[in-house]
Amino acid sequence: MIIKKDFTMCDNINNVQLKVIDYGHATSGREWIGNIVTPPYARLYFIIGGDPYIISEGKHIPLNVGSCYLMPTGYSFRYACEDSMEQLYFHLNLTDYSGADLLRSCNQLMEYALGAEKIRELLQHSERDDLLGGLLLRQELYNTLLILIQKYNIRLESVHYSRCVLLAIEYIKSHLSLQLGITELAANSFVSESTLAKKFKAEVGMTIGNYIDETILFESEQLLTKTELSVLQISERFGFCDQFYFSRRFKSKFGETPQKYRKIKPI
């Protein structure tokens, strides 16, 4: 008997994670209008009814009933409808073992016409509150993403980080604060500051400071939309000197003040 083992494929399968951050069945009239600015996660819209559209880079793009649309992480757009909108939406991240976004190389809107019947099936799965319903829904989300990835020839690349970079990322996530500096990170990663800074920038694609800033703003957005914590409490949690500075930073990232963002809860 000959058995050919491929542990690389095992790693590729086991290390991919689909994280659903938020989802819902949304219906609205003309009040559905707003801006999405460099979002920290992808949006997947399944259009059920109405006449919604988005505007991106000056282009008016109708969202057709029976189709789904993937707006990848970082994709900015304005949304609205002529009269009404109904959709099943998901906010999600597709990541590798390190937490890197596998859709980070995408910079375009992706569309797939799966049909009204299939969307109704997804809606039924989303309305269940049992584990099987969740697994069925997860399977359909994976299938939709794979169809879009293949249709648009998206190349998925998992980044292999150095041990010191992985240790730094883990430490940042567990000690997230604006006060966190490279000296502390280097000490906990067992390398010099210069080595860590160089490797982090080369492998992650941004400086340690920018990575901390981006992570803080992402976590702030989650706390703002999913908890009742005040803006002051959120700003203090991450080490901002005051809530007004936090609000300025938040608006520069998401296009709205924290107070307004919480009120409109863009989908």
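Helix H7 supplies five residues to the lining of the largest pocket, the largest share from any element. The model is predicted.

**Largest pocket**

- The volume of the largest pocket is about 960 Å³.
- Its lining is made up of 30 residues. Those nearest the centre of the pocket are Pro40, Gly99, Ala100, Asp101 and Tyr211.
- At least two lining residues come from each of strand S1 (17-28), strand S6 (77-95), helix H4 (163-174), H6 and helix H7 (208-226).
- Sorted by class, the pocket lining holds twelve nonpolar, nine polar and nine charged residues.

**Largest cavity**

- Rolling a probe the size of a water molecule over the atoms shows where empty space is left.
- The count of cavities of 30 Å³ or more is one.
- The largest cavity has a volume of about 50 Å³.
- Lining the largest cavity are Asn35, Ile36, Val37, Pro39, Pro40, Arg43, Phe254, Tyr261 and Pro266.
- Seven residues of this cavity lining are nonpolar, one is polar and one is charged.
- Pro40 belongs to the cavity lining, and Pro40 is also among the residues nearest the centre of the largest pocket.

**Packing of H5 and H6**

- Helix H5 spans residues 182-189 and helix H6 spans residues 193-204. The two helices pack at an angle of about 95°, and their axes lie 9 Å apart.
- Angles of 65 to 115 degrees count as roughly perpendicular, and H5 and H6 are therefore roughly perpendicular to each other.
- On the H5 side, the contact is made by Ile182, Thr183, Leu185, Ala186 and Ser189. On the H6 side, Glu193, Leu196 and Ala197 take part.
- By class, the contact of H5 with H6 comprises five nonpolar, two polar and one charged residues.
- H6 also supplies at least two residues of the lining of the largest pocket.

**Aromatic pairs**

- A pair of aromatic rings is described by the distance of the centres and the angle of the planes.
- The model has 13 aromatic pairs.
- One of these pairs is formed by Tyr23 and Phe90, with 5.6 Å centre to centre and 15° between the planes. Planes under 30 degrees apart count as stacked, so the Tyr23 and Phe90 pair is stacked.
- Tyr23 lies in strand S1 and Phe90 in strand S6.

Technical notes
Residues are numbered from 1 along each chain as its sequence is written. This is a predicted model: local features need pLDDT of at least 70, side-chain atom pairs count only at pLDDT 80 or more; totals for chains, interfaces and linings use all residues. Side-chain values use heavy atoms; hydrogens and water are left out. Axes are lines fitted to C-alpha atoms, for helices over the stretch in contact, and angles run from 0 to 180 degrees between N-to-C directions. Helices (H or I, at least four residues) and strands (E, at least two) are DSSP runs, numbered from the N terminus. Angles under 35 degrees count as roughly parallel, over 145 as roughly antiparallel, 65 to 115 as roughly perpendicular and the rest as oblique. Contact means heavy atoms within 4.5 Å. Ala, Val, Leu, Ile, Met, Phe, Trp, Tyr, Cys and Pro count as nonpolar, Asp, Glu, Lys and Arg as charged, and the others, Gly among them, as polar. On a 1 Å grid over the protein atoms alone, a cavity is a set of points where a 1.4 Å probe fits but cannot get out, and a pocket is an open set with protein on both sides within 12 Å along at least five of seven lines; lining residues have an atom within 4 Å of a point. Grid points are joined across faces, edges and corners, and a volume is the space filled by probe spheres set on the points. Rings of Phe, Tyr and Trp (its six-membered ring) pair if their centres lie within 6.5 Å; planes under 30 degrees apart count as stacked, over 60 as edge-to-face and the rest as tilted.
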